[in-house]
Amino acid sequence: MKNIKLTLLIIVILIINIRISLSQHLRPTNLNKNTAVEFNDGDEYIVSKTKNSIVAVNAKYKRKELTFFVVCQNKTNRPINVAASNLFVNGESKRGEKISLKVYSYDEYVQRLVKRANAASVFGAVVVGLDQGLNEKTQAQKDKEIRDLEARNTQIYKSAEEKASYLLKNTTLTKYDEFVKGQIKVKNNRLYSHKIYLYIPVGTETHEICYIRSRKKPKKKRIVKTIEDNYYNNGLTKYNNKNYDDAISDFSKYIKLKPNETKGYYARGICKMEREDYEGALSDFDQALIIDPTDINTLKAHGGIYYNIKDYKAAIRDYSKIIKIYPDSVNAYYLRANAEIKRKKNRNAINDFTIAIKLEPNNFVGYYYRADTKYAIDDIKGAIKDYSKAIKIYPTLVLLYYKRAIIKYRNYGLGLARNDFKKIIQLENKSGTFVWKPFALHYLGKKNEAIKLMKSIVVNENKAINHYNLACLYSLQNNIQGGIESLSTALNKGYSDFDWIIRDEDMDNIKYNNEFNTLLLKYGVNHKFTPQEYVQKYVENRIIVWQQKGKYEKTSDYKQRVNEKTRNKKIKILKKQAITIFKKKYLVGINWKNLSIEGYDADSETFRIRQEKVGVFIINVPIKDAEYFENNYESLHYSKADVLLKDESIILSYLVVKNTQKKKTWVYDITKQVNYNPTEFIVNFDKVEAGLPSFNKKTKGNNKKIIIGKSDVDENLPNTKTSNSSAIAVVIGNKNYKKTRHVDYAHNDANSVKTYLIKCLGYKKGNIIYMEDATLGEFNTLFGTKDNHKGQLYNTIKQGVSDVFIYYSGHGAPDLETKSAYFVPVECAPNYINTGGYSIDILYSNLSKLNAKSVTIVTDACFSGAIFKNISPIGIEAISPIATIPNCAILSSSSGSEVSSWYTEKQHGMFTYFFLKAIQDRKSSDKNKDKKLTISEIYEYINNFSEGVPYFARLLHNVKQNPTLQGNSVKYGKSKSYKKPKSYKNRVLVKYK
C-alpha cells in the first residue's frame, strides 16, 4: 500500500527529498557566502527560511558576550520547541583556532542575571554600611539611605527576572512573538572570535548559521541595490514563477559581474536541475565548490544530482564531505543512509541512522528509517524494537503502528499484531481521517467492513491513491478482478509509481496474472512477474547482505563464515525459503471455487479442469461420482494444494478434493499418469510429461548454483557528464522463445544496456521503453505497422528534439524467399517468419517518419538463417532503407551470413559485451583523449581484430563474426537550434568527466 499520511510526506520532504528547491537554500540578501553576516549590536536577521519553517535570530554583542534570541515558526503557524540541549555552538579565531563556547538556556540566563543582581545588592549594602560608618549622619539620613538601597535592590531583582523576557518581547520581530520558544546565550573565552557557528535543529531540519565578529563596530549603511543585485533578485522571481530559462539568463548575467560569488552558480545550477539538465547543473555546482569547497547547500545539491541519476557512490562522497565539515549535520546522515540503501549497503545505512539518532534522540524519524532498514535485512526483533521507540516519541502517528503490526503479523501471526491493529482503528476514529483503518479491519477478519469503508473513501475522495489502496485491499482478499479494475482506474487517474507497484507485497496475489501484466504493458511497463524472478531477487537481496563483513567481525571469523562452500549452502537455504514463501503467497490467492470443467472422458474416467492461476489439470473421478462432481464442484472442499515452479510457469502438482457429506475424496497428483480423451491427451499430456522430467532435472541443477553477481561491464560504470533528458530509448531483450531455442543472455544484455543508458548516456528512466520477450503485437504497438507508422515510439518523442536509441537482443531471421530480414518475436515460428516476424523494412520505414533529432540502432542478432531447423543456413544481406532514416547510425553484431555468438564467461552476447566495454574502458576506446566517445570510436573498439569481437568469436567459438556500422547524416527537421553533424560516425554518445 502506498503511504499518503501527511506526516510521512513531510518527513520525506525534510529528510531525503533529493530534488532541491532554490527557495529552500538561498539566503536573504543581507547574508553573504557561507550564510555568515557581520552584525551590529541589536541587529536582527531571518537567517534560515525553508518551505516548512523559519528560524530568526536576534544577535546582541557586548564585550565578550554574544547573545542569540531564537525565534521559530513553521508553515502551519504552530510553534516549534527548540531545546537548549539540542543547540550546538562552536567558535573559530581568525587563525583557525577552535574556541569552546558556553550555551545558556533561557532559564539559566535568568538565574545568571539574578546572581549578578544579588552580588550587586551585597556590594551595595557593604558600600552603604562603610559610608555610614565613616561619615556622621543623622539617623533619618541613614534610614533614608537604607530605604533607597532596598528600593534599588528590589529594582535590580525585578530587572534581572524580566531582562530576558524584555529583550524577547521588545525585539523588532513582533509578529513572531507568540512563537518565541527559547533563548540561548553564548560566552566565548577569547576576546575576539572570527566566526561563531550556531546549529539549531527544528524538527528534522538543522539550520546552520555563522556570524562573523569584527573588532570595530560597523556603521549602519543604507543598502543600495546594485545592477548585479537586480539580476539576482529578478532571477529569483523568475525561478519562483518556474520560468527557468529566463532565470538562468539573469543568473548568468549576475555571474558575469560577480564571478567569485558562489550563490550565482548555485542558483543557476538549481534552475538547471529543474530543467533536468544535470550535466549543466553539475558544472555550476563544481564551480561553486571550487570557490568554496565547504558550502553545504551546494554539496547537498551536488549529491542530489548523483542520487537522481543513480550514481549513489558519488552521492555518498558528497554527503560524506558534509559530515566531515559538520559532523553534527543530521540531515547529511539521513541522505547518505538513503543512498547506501540504494546500493544495498543496508548495514552502512543502519550505522548512519544510529549516529543520527544519537544526535537527535527525541526525533522519531531516525528510529523509523532504521526499523525499515533492519526489516530489509531480516532483523525482525530489531525492527519491532525501533518502531516501538518511534511510537514512544510520536504515539499518535498511525503509520508507525501499521508498520509494526504488519511485521508482527507476517512473522508471528495475528495474536501479537492484534493490539496494534486495534490501536490504528482507535486513532483514526478519533481523527476522522481513514487511511490505515480499512487494512486493520481486513487483518482483524472484518473483510466486508474493510472493503465497504475503502469504497466510501474512494467515493468521498475520487483520487488515484485511494483507488490504488482499494486495489491493494482487493488483492489481499484474493479478488483478482476487483484488484485489476481498481488498479486500472488508479493508473487512468495518474498513479505512476510503477517501481512501487512492482515491489508492493500487497499486490502479490494479483501480480502473477496475465491481465495484470497486460495492464502494466499498456503503460509501457514490460515487467513479467515470474516465480524465477521472485526467487532470484529473494536470494540475491539476502545473499548480498549476508556476505558483507560485519563492523565488529574479525577478518578470520569473516573468512570462516563467508567462503564458496558456505555461500553455496546459504544460497540453497535461501532458495528453499523463497520457494516456500512464494508458494504460500500464490496458493492463498487461488479461489478453488472458480473452476471451469472443460469435459469428461468416460473411457478414462477423468475430468479436464481449468483454473485461471494454475491452468489445466486432469483429475480421476469414477463414473459413479462424475455427475455429482460436475454439478457440485463449487461446494466441494479443496485442500493440500501444491505447485511446481518452472521458469515462468506455475504448474499444479497436487490437490485433494473432498465431499465432506458423502465422505468421498478425489486426488490430483502430477506424478501419476492419467488419460483424458486420447486425441487431445497426446497434445496435453506431452506438454506436461515432456516438461516434467526436464523440470526435475533442471531443479536439481538449480539447487547446485544460482548465478549471483555481474559481469565486469556491469560494475564500476564510468562517471560521465552526459545529459540527454529529451532522448527516448527502446530496449528489447528476447530470451524465452516458444518455438525455437532460447537466447540465454538476452535479458542480461537488455538490462545492462538500460543501466548504461541511464548512468552513462544521461537518459531519464521514464524515457526508456523496456521489454523482455516481446511478441509481434508488442513490436507493432511500439514501432507501428506497415499501414500505420504512429506507434508508441512515435507518440513518445518530441519531434525535432528527441534523440532515439533502439537496442535489440534476440533472434533475427531471413524470409527464405525474399531474403528480407526480420526480428523474431518470442511466439513466432521461424518457418513462418514472413507472417509472424517483425520486418526490418517496416521498422526502418517507420523510423524515417519519426522526425527525430537523431536515431541510433544497436542490434545483437544475426540474420543468417541459422535459426531454422533441418534447413541449411542461407546467408543474406539485409536490404534495409537506411538512407531514408535521417541522421541515423546502425551498429550490428555481425554481417552477411555470419552468426552472432555469446560470451558465456561474461553472461552477455559477444557484441553487447564489447559495446558496453567500449563505454566503460574509456582509456582504450577514447582514442583522441578528448573525453568524448563517438560512434566510430565505439565501432573501432568492438571490431578490433586482435582484441575485439572478431578475435574472441574466433578464439571461443571458431566462428567468423564482424560487426558492421552503417548510417546516414542527412539533416532532418526545422529546429533552428539543430546543427547538422559532419558525419553520423562523429556522433557523440558519451561525454566523460
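These notebook entries record what I looked up in a predicted model.

**Ground rules**

I number residues from 1 along each chain as its sequence is written, and I leave hydrogens and water out, so that side-chain values use heavy atoms.

**Entry 1: the whole chain**

I started with the totals. The protein chain has 37 helices and 28 strands. Both are DSSP runs numbered from the N terminus: helices are H or I with at least four residues, strands are E with at least two. I then looked up burial. Of the 993 residues, 52% are buried. Buried means under 20% relative accessible area, exposed means over 50%, and partly exposed lies in between (1.4 Å probe, protein chains only).

The accessible surface of the chain is about 48,800 Å². Carbon and sulfur atoms hold 49% of that surface. The areas come from the Shrake-Rupley method with a 1.4 Å probe, and for residues only the protein chains shown count as cover.

Next I checked contacts, meaning heavy atoms within 4.5 Å. Among contacts with a separation of 6 or more, 63% join residues 24 or more positions apart.

**Entry 2: cysteines**

How many disulfides does the structure hold? I found zero. The test asks for a pair of cysteine sulfur atoms within 2.5 Å. Cys828 counts as buried at 3% relative accessibility. Cys888 is buried too, at 0%.

**Entry 3: the sheet β10-β11-β12**

I turned to an open sheet of three strands, ordered β10-β11-β12. The pairing is antiparallel. Two strands pair if DSSP finds at least two bridges between them. In general, strands of a sheet pair through backbone hydrogen bonds, either parallel or antiparallel.

Which strands stand at the edges? They are β10 (595-601) and β12 (615-620). Each has a single partner strand, so one side of each is left without a neighbour in the sheet. The twist averages 25° from one strand to the next. For angles, axes are lines fitted to C-alpha atoms (for helices over the stretch in contact), and values run from 0 to 180 degrees between N-to-C directions.

I then took the pairs in turn. β10 and β11 (residues 606-611) share six antiparallel bridges. Asp601 has Thr606 of β11 as its bridge partner. Ile597 has Ile609 of β11. The hairpin of β10 and β11 has four residues between the strands, and Glu605 takes a positive phi near 55° there.

On the other flank, β11 and β12 also pair antiparallel over six bridges. Thr606 stands opposite Asn620 in β12. These two strands form a hairpin with three residues between them. Five of the six residues of β11 are buried, so β11 is largely enclosed by the rest of the structure.

**Entry 4: aromatic pairs**

I applied the ring rule next. Rings of Phe, Tyr and Trp (its six-membered ring) pair if their centres lie within 6.5 Å; planes under 30 degrees apart are stacked, over 60 edge-to-face, and the rest tilted. The count comes to 36 aromatic pairs.

I followed one of them out of the sheet. Phe607 and Phe629 are stacked, at 5.2 Å centre to centre with 20° between the planes. Phe607 sits in β11 and Phe629 in helix α27 (residues 623-632), 22 residues apart, and the pair links distant parts of the chain. Phe607 is buried at 0% relative accessible area. Phe629 is buried at 2%.

Phe629 also pairs with Trp666, edge-to-face, at 5.3 Å centre to centre and 90° between the planes. Trp666 lies in strand β15 (residues 664-669), so this pair ties together parts 37 residues apart in sequence. Trp666 counts as buried at 4%.

I noted one aromatic cluster as well: Tyr334, Phe353, Tyr368, Tyr369 and Tyr387.

**Entry 5: Ala440**

Where is Ala440 found? It is in helix α17 (residues 437-443). Is Ala440 buried or exposed? Ala440 is buried, at 0% relative accessible area. Leaving aside neighbours within four places in sequence, Ala440 is in contact with Phe421, Ile424 and Ile425. Asp420 is 20 residues from Ala440 in sequence and 8.6 Å away in space, C-alpha to C-alpha.

Notes: This is a predicted model: local features need pLDDT of at least 70, side-chain atom pairs count only at pLDDT 80 or more; totals for chains, interfaces and linings use all residues.
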